[in-house]
Amino acid sequence: MVDSDERDPNTGRADSSGERTEAASPPAEPDIDDLLARLDALRDTVDEGHEREKVRQTISLVERMPGTGALAERITKYTSRDLAESFVGAVLFALPLLVEGGVFEIAAWFAATTVAGVPVLLIAHVGFIFLATAGLLYFADFRQIAIRHPIFGVIPRRYAGVLLVSLTTSAAMLLFWGRLHEGDPTALERVGRVAVVWAAAAFGAGLGDILPGESQGEDLGKFDLDIGDDD
C-alpha cells in the first residue's frame, strides 16, 4: 500500500492521489541551463510568496556563479516595465515616419496593388512585420529569451506584447498628429499608413524591450490566458 503522505520529488508537495508522481527523466549531460529550467519550473509551482522569493534568490545565485556570465543575457520574465520599454521604443522609431510623406505614397501603392480585389502587397507587408518581429526576438543574437506561459499555450507573451504595443502606438500617433486622415485617403490607404509606420514601430518596440535585459518587477504570468501546460 502506498503511503498517502508521499511527496512529489520535483515540488516537495504531497500527492493527493496517493501515488508518487514520477519525476521527469534528467538529461544525460545536464548543464546550468537545465538547472535554471528546473528552478523556473519550481518557481511556477510554489504558492507562497516567500517560497517564490527563495527560488528567485537561488536562480540569481546560480546566475552569478563563475563561468555563467553568459546567463546575464537570459530573459525569463515579462513585466509591465517591458510593456513600457516597448512603448518607448515604438515611439522613437515611429516619430521620423510621422513627418515623412513617403508613408502616404507607400500606403497608396499598397492599396492600388490588388489581385482579385485583395491587397496582396499590404498583406505581405503585414506578414513581414510578424516574421521580422519573431526573428528579432527569438533568432537574432541579442538576448536568450525563454518562452514561458504562452497565451493559449501557443503565442509567446512578449511577441504578442511587442506587436500590440507597436500597432496601437502607430495608429494612435498617426491619429493624434492628424496624419491618418490627411488628404482624404480611402479606408485601405489608412490601413496602409498604419502598416507602414507599424513596421518601424515593431522593430523599435522589440529592441526597446530586450536590449536593456530582464526587467525588474512582478511577472505578468498571473494574468496569462494559457489554457494548457506551462512550456
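**Nonpolar surface patch**

Accessible areas come from the Shrake-Rupley method with a 1.4 Å probe, and for residues only the protein chains shown count as cover.

- Helix 3 (80-98) and helix 6 each supply at least two residues of the patch; helix 3 gives the most, with 5 residues.
- L95 lies in helix 3 and counts as partly exposed because its relative accessibility is 30%; buried means under 20% relative accessible area, exposed over 50%, and partly exposed in between (1.4 Å probe, protein chains only).

**Basis of the model**

- Residues are numbered from 1 along each chain as its sequence is written, and side-chain values use heavy atoms, with hydrogens and water left out.
- Local features need pLDDT of at least 70 and side-chain atom pairs count only at pLDDT 80 or more, whereas totals for chains, interfaces and linings use all residues.

**Overall architecture**

- The chain has 7 helices and 2 strands, in the sequence order α-α-β-α-α-α-β-α-α; helices (H or I, at least four residues) and strands (E, at least two) are DSSP runs, numbered from the N terminus.
- Of the 231 residues in the chain, 38% are buried.
- The accessible surface of the chain comes to about 13,400 Å², and 62% of this belongs to carbon and sulfur atoms.
- Among contacts (heavy atoms within 4.5 Å) between residues at least 6 apart in sequence, 71% join residues at least 24 apart.

**Nonpolar core**

- The largest nonpolar core has 28 residues, and L137 and L174 have the most contacts inside it; such a core is a set of buried Ala, Val, Leu, Ile, Met, Phe, Trp, Tyr and Cys residues joined through side-chain atoms within 4.5 Å.
- Two or more residues of this core come from each of helix 3, helix 4 (102-112), helix 5 (120-138), helix 6 and helix 7 (187-210), with helix 7 giving the most, 9 residues.

**Salt bridges**

- The whole structure holds 3 salt bridges, each defined as a side-chain nitrogen of Lys or Arg within 4 Å of a carboxyl oxygen of Asp or Glu.
- R158 pairs with D82, the closest N and O atoms being 3.8 Å apart; R158 lies in helix 6 and D82 in helix 3, so the pair ties together parts that are 76 residues apart in sequence.
- R158 also forms a salt bridge with D209 (2.8 Å, N to O), linking helix 6 to helix 7 across 51 residues.
- R158 and D82 are buried, and D209 is buried as well.
- E182 and R179 meet in a salt bridge of 2.9 Å, N to O; E182 is partly exposed at 36% relative accessible area, whereas R179 is buried at 14%.
- Shared partners join D82, R158 and D209 into one network.

**Confidence**

- The chain averages a pLDDT of 77, and 63% of the residues score at least 70; pLDDT is the predictor's confidence in each residue, from 0 to 100.
- Confidence is highest in helix 6 (residues 157-176), at a mean of 96, and lowest in helix 1 (residues 32-45), at 66.
- Over residues 1-23 the pLDDT is below 50, and it stays under 50 over residues 223-231.
- Where pLDDT is low, the predicted coordinates should not be read in detail.
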